[in-house]
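Welcome! Please take a look at the sequence and the 3D structure below, and then let us walk through a few of the residues together.

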Amino acid sequence: VLSGYADTASIVDAINKGHIYKFIPKPWNDDELMVTISNAIERYLLYEKNKRLTKELGEKNAELQGFNESLEALVRERTADLEFKNQALQRSHKILDSLPVAVAGVDPEGMIVYVNQKAFDVVGMDKNVLGKDYRDCLSEEASQFLGQVFGKAIFEGSVSLSKGVFYIRGSRFYSGKDFNGFVLVFDRQEDHE
């Protein structure tokens, strides 16, 4: 505001109502006036930029909130799916443990990946066989037999194990078209005859 009026009440009123940046009374210095105008323009531009950035920030926050909500929904959905699959897997293990025959699973490289309770009880497999190579866990005769037949889709034969002679039947198992290993079923030789 540039004013020649000496009435301070009207000047203060104009400043308060008009959100005046600065009051410059007469006589003014041209250099100071130029600096003041330059500062006022700079302040206005910063104010406008701040308004624009605040608006953009609000939009980005709203967008981020939407992403968070959809991510939370996806996490809930995946968690529910995993919980269901975990329950199904636990039930599958209970079913396999309840079978009246000993069952073991061996991956394509020969690692024992599953042994049901009957295999522990009847065949005499050690509780620590999971994750180990079958050649390190079974008798030499059983290891040689399995080494010879693992190339076949279905196989059977008798072998000696720590708790007697067992009839082994086995087959490859797949997940879709992917070969995942072998399923072995052990029967006591006398039960099989």
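Which residues does Leu146 touch, not counting residues up to four places away in sequence? Leu146 touches Tyr134, Leu138, Phe155, Ile168 and Leu184, where contact means heavy atoms within 4.5 Å.

Before going on, a word on the model: it is predicted, so local features need pLDDT of at least 70 and side-chain atom pairs count only at pLDDT 80 or more, while totals for chains, interfaces and linings use all residues. Residues are numbered from 1 along each chain as its sequence is written, and side-chain values use heavy atoms, leaving out hydrogens and water.

Helices (H or I, at least four residues) and strands (E, at least two) are DSSP runs, numbered from the N terminus. Helix 5 spans residues 140-149, and its buried residues are Ala142, Ser143, Phe145, Leu146 and Val149. Seen down the helix axis, these buried residues fall within an arc of 165°, so they line one face of helix 5; the arc is that of the directions from the helix axis to the C-beta atoms. Glu140 and Gln148, on the other side, are exposed. Here buried means under 20% relative accessible area, exposed over 50%, and partly exposed in between (1.4 Å probe, protein chains only). The buried residues of helix 5 pack against the elements in this table:

| Element | Residues |
|---|---|
| Helix 4 | 134-137 |
| Strand 5 | 154-161 |
| Strand 6 | 164-175 |
| Strand 7 | 178-188 |

Next comes the core. The largest nonpolar core has 25 residues, and those with the most contacts inside it are Met125, Leu146, Leu184 and Phe186. Helix 5 gives the most to this core, with 4 residues. Such a core is a set of buried Ala, Val, Leu, Ile, Met, Phe, Trp, Tyr and Cys residues joined through side-chain atoms within 4.5 Å. In soluble globular proteins, nonpolar side chains tend to be buried together.

Phe186 sits in strand 7 and is buried, with a relative accessible area of 3%. Not counting residues up to four places away in sequence, Phe186 touches several residues, including Val101, Ala102, Met125 and Ile168.

Finally, Asn116 lies in the loop between strand 4 (112-115) and helix 3 (117-123). Asn116 is buried, with a relative accessible area of 0%. A polar atom of the Asn116 side chain lies 3.0 Å from the backbone oxygen of Val101. Beyond residues up to four places away in sequence, Asn116 touches Leu96, Asp97, Leu99, Val101, Ala102 and Val103.

Key:
A polar contact is a pair of N or O atoms within 3.5 Å; within protein, one must be able to donate a hydrogen and the other to accept it, and residues adjacent in sequence count only if both atoms are side-chain atoms.
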